[in-house]
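Please keep the sequence and the structure in view while reading.

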Amino acid sequence: NSAFDAQSDQPDYEGQFAETHTFGARAVNQFVMTGSWYSALFVNANPAKEMSTFPMELSWLDGFATDLNNIGIYWPEGRNATQYQIGDDFSDTMGRMTLKAGVQFKKDDLSDFDTGILTLPYVFTDAATFASGQSDFGLQNFTTSLDLPLALYTLGFYVEGDLKASSNFTLTPGIRVERNSNVACRKNCLS
């Protein structure tokens, strides 16, 4: 029955830009910028037709019959994801010493549709209970939003020095600082 057909279009786009610049024979800078977007949503192809045909999933506890609308409870489900990243690294060699420094930033924006699971009633019954016009129990999710916009980022800095003390010994002191954000939801969806 076409009322229960699934649909999942999954486009994916990515891109990158990189530029490396030398400053004479001893210094170099590399800048990289990347981005991607994809969508992986699983939906009923015609939700109105599904609801008018059979507006629930019916599962038989005693195996009396095959479940009816047996995947409708899982939709809508999936996510849209956007990610972008910027990085810049600089290196300067001065005789036996090389100094390096850099910064990286990465941002993830997600739209999570998993709260759509169980928004269609899921009814459990057996043949005897069903014959009496009742069910044993049911489940349903009454979500306030099908789309949870989540965001997080990572920001990092580093400084490093390489000192070639002899032909077989190099001293490399350095420090790196990173900040990983907590997940944020623009619809106040996290406690």
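## Strand pairing in a predicted model

Two strands are said to pair if DSSP finds at least two bridges between them. In general, the strands of a sheet pair through backbone hydrogen bonds, and the arrangement is either parallel or antiparallel. The model discussed here is predicted. In this model, V123 stands opposite G138, a residue of β8. The strands β7 and β8 pair in the antiparallel sense, and three bridges join them.

On another strand, β4, the pairing with β7 (residues 122-125) is parallel and comprises four bridges. For W60, the bridge partner in β7 is T125.

## The sheet of three strands

Which order do the strands of this open sheet follow? The order is β4-β7-β8, and the pairing within this sheet of three strands is mixed. Because β4 (57-60) and β8 (137-139) each have a single partner strand, they stand at the edges, and one side of each is left without a neighbour in the sheet. From one strand to the next, the twist averages 20°.

The side chains of β7 point in two directions: Y122 and F124 one way, V123 and T125 the other way. All of these residues are buried.

## Aromatic pairs

The structure holds eight aromatic pairs. One of them is formed by W60 and F130, whose ring centres are 5.0 Å apart. The planes of these two rings stand at 75°, and an angle over 60 degrees counts as edge-to-face, so the pair of W60 and F130 is edge-to-face. This pair links distant parts of the chain, since W60 belongs to strand β4 and F130 to helix α2 (residues 127-131), 70 residues apart.

Are the two partners buried or exposed, or in between? W60 has a relative accessibility of 10% and therefore counts as buried, whereas F130, at 44%, counts as partly exposed. Ring pairs also bring in F64, so that W60, F64 and F130 are linked into a cluster.

A further aromatic pair, that of F124 and F137, is stacked, with 4.5 Å from centre to centre and 20° between the planes. Because F124 lies in strand β7 and F137 in strand β8, the pair ties together parts that are 13 residues apart in sequence. F124 is buried, with a relative accessible area of 12%, while F137 is partly exposed, with a relative accessible area of 42%.

## The protein as a whole

The secondary structure comes to two helices and twelve strands. Starting at the N terminus, the elements follow one another as β-β-β-α-β-β-β-β-α-β-β-β-β-β. Why is the protein described as more spread out than a compact globule? The radius of gyration is 28 Å, well over the 16 Å that the globule rule gives for 191 residues, and the protein is therefore more spread out than a compact globule. Taken along the principal axes, the box filled by the C-alpha atoms is roughly 90 × 35 × 25 Å.

Of the 191 residues, 25% count as buried. The protein exposes about 12000 Å², and carbon and sulfur atoms supply 58% of this area. Among the contacts between residues at least 6 apart in sequence, 67% join residues at least 24 apart.

Terms used. Residues numbered from 1 in each chain as written. Predicted model: local features only at pLDDT ≥ 70, side-chain atom pairs only at ≥ 80, totals over all residues. Heavy atoms only, no water. Axes fitted to C-alpha atoms, helices over the stretch in contact; angles between N-to-C directions. Phe/Tyr/Trp six-rings, centres within 6.5 Å; stacked < 30°, edge-to-face > 60°. Buried < 20%, exposed > 50% of the residue type's maximum accessible area, 1.4 Å probe, protein only. Rg over C-alpha atoms; globule rule 2.2 N^0.38 Å. Contact = heavy atoms within 4.5 Å. Areas by Shrake-Rupley, 256 points an atom, 1.4 Å probe, with all protein chains shown as cover.
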